[in-house]
Amino acid sequence: YGTAGAALRHVAAFFGGLQGKPSKRSAFNTVDIYNNSTDTWSATSLPSPPRGLGAATAAGDLLIFAGGRNADKGDFAHVDMYNIVTEKWTSAMLSAGRHGIAAVSVGTLALFAGGGTSYKCQQSCNIDDVQSDVVDIFDSATSSWSIASLSEARSFAAGVAHGSRAFFGGGDISEGPYTSKRVDIFNSVTGAWSISEFSRGV
């Protein structure tokens with residue numbers, strides 16, 4: 001579980017993942033790639049550490065896998081980018097390691113929003129993660145990174161693109177009711193953010 005998938009033109013890729021019970025969990029660095037032009041599968045490996053619960057999207061000629069955590073709940077900031085034209089990997093880093101990120105692409109931009117860092121309770125507690133409000137933004141046209149912020153820190157939000165806008169809705173928050181109804185909306189034309197809400201927290 002925790003495999004992330006993304007598609008770009010004739011290629012679909014499925015990155016990493018976790019397997020097993022919490023006491024015997026293992027992480028994978030396998031990348032399974034399907035080529036629709038030839039109706040064939042191939043496999044390769046991530047250039048960075050094995051992990052699951054990362055986020056994947058596509059921008060430019062790149063399939064991008066970012067963040068995630070390993071079997072010991074260690075969070076990663078690694079970003080692995082696979083060029084479907086050259087079939088080569090390049091690497092980068094998020095501003096902070098986290099899992100449960102929402103990934104959305106609009107135009108030349110890939111946005112990696114929110115996420116959580118594993119929180120190890122010494123006693124009984126109500127949260128599993130410490131949520132983040134960070135949005136790491138990669139511009140495939142310039143190969144540059146920038147940072148923005150969600151209006152509310154959360155992990156496992158839903159991300160979707162529509163037209164020139166990226167939407168990040170819902171997700172886990174650290175305080176009751178523990179689910180968010182907030183929707184952060186990014187306009188890739190103006191670079192502006194706006195806020196809306198779902199009818200309920202999800």
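The exercises below concern a predicted model, taking the whole chain before a single residue.

**Exercise 1.** Determine how many helices and strands the chain has.

*Solution.* The secondary structure consists of 18 strands and 0 helices.

**Exercise 2.** Compare the radius of gyration of the chain with that of a compact globule, and describe the extent of the chain.

*Solution.* Step 1: for 202 residues, a compact globule would have a radius of gyration near 17 Å. Step 2: the chain has 17 Å, which agrees with that value. Step 3: along the principal axes, the C-alpha atoms fill a box of roughly 50 × 45 × 25 Å.

**Exercise 3.** Describe the burial, the surface and the charges of the chain.

*Solution.* Step 1: 45% of the 202 residues count as buried. Step 2: the chain exposes about 10000 Å², and carbon and sulfur atoms supply 50% of this area. Step 3: there are 15 positive and 17 negative side chains, and the centres of these two sets lie 5 Å apart.

**Exercise 4.** Is aspartate 136 buried or exposed, and what does this residue touch?

*Solution.* Step 1: aspartate 136 is located in strand 13, which covers residues 134-139. Step 2: the relative accessibility of aspartate 136 is 3%; buried means under 20%. Aspartate 136 therefore counts as buried. Step 3: leaving aside residues up to four places away in sequence, aspartate 136 touches several residues, among them Leu94, Arg98, Phe112 and Trp145. Step 4: with the side chain of arginine 98, the side chain of aspartate 136 makes a polar contact of 2.8 Å.

How values were computed. Residues are numbered from 1 along each chain as its sequence is written. This is a predicted model: local features need pLDDT of at least 70, side-chain atom pairs count only at pLDDT 80 or more; totals for chains, interfaces and linings use all residues. Side-chain values use heavy atoms; hydrogens and water are left out. Helices (H or I, at least four residues) and strands (E, at least two) are DSSP runs, numbered from the N terminus. The radius of gyration is taken over C-alpha atoms; the globule rule is 2.2 Å times the number of residues to the power 0.38. Buried means under 20% relative accessible area, exposed over 50%, partly exposed in between (1.4 Å probe, protein chains only). Accessible areas come from the Shrake-Rupley method with a 1.4 Å probe; for residues, only the protein chains shown count as cover. Lys and Arg count as positive and Asp and Glu as negative; His and the chain ends are not counted. The place of a charge is taken as NZ of Lys, CZ of Arg, CG of Asp or CD of Glu. A polar contact is a pair of N or O atoms within 3.5 Å; within protein, one must be able to donate a hydrogen and the other to accept it, and residues adjacent in sequence count only if both atoms are side-chain atoms. Contact means heavy atoms within 4.5 Å.
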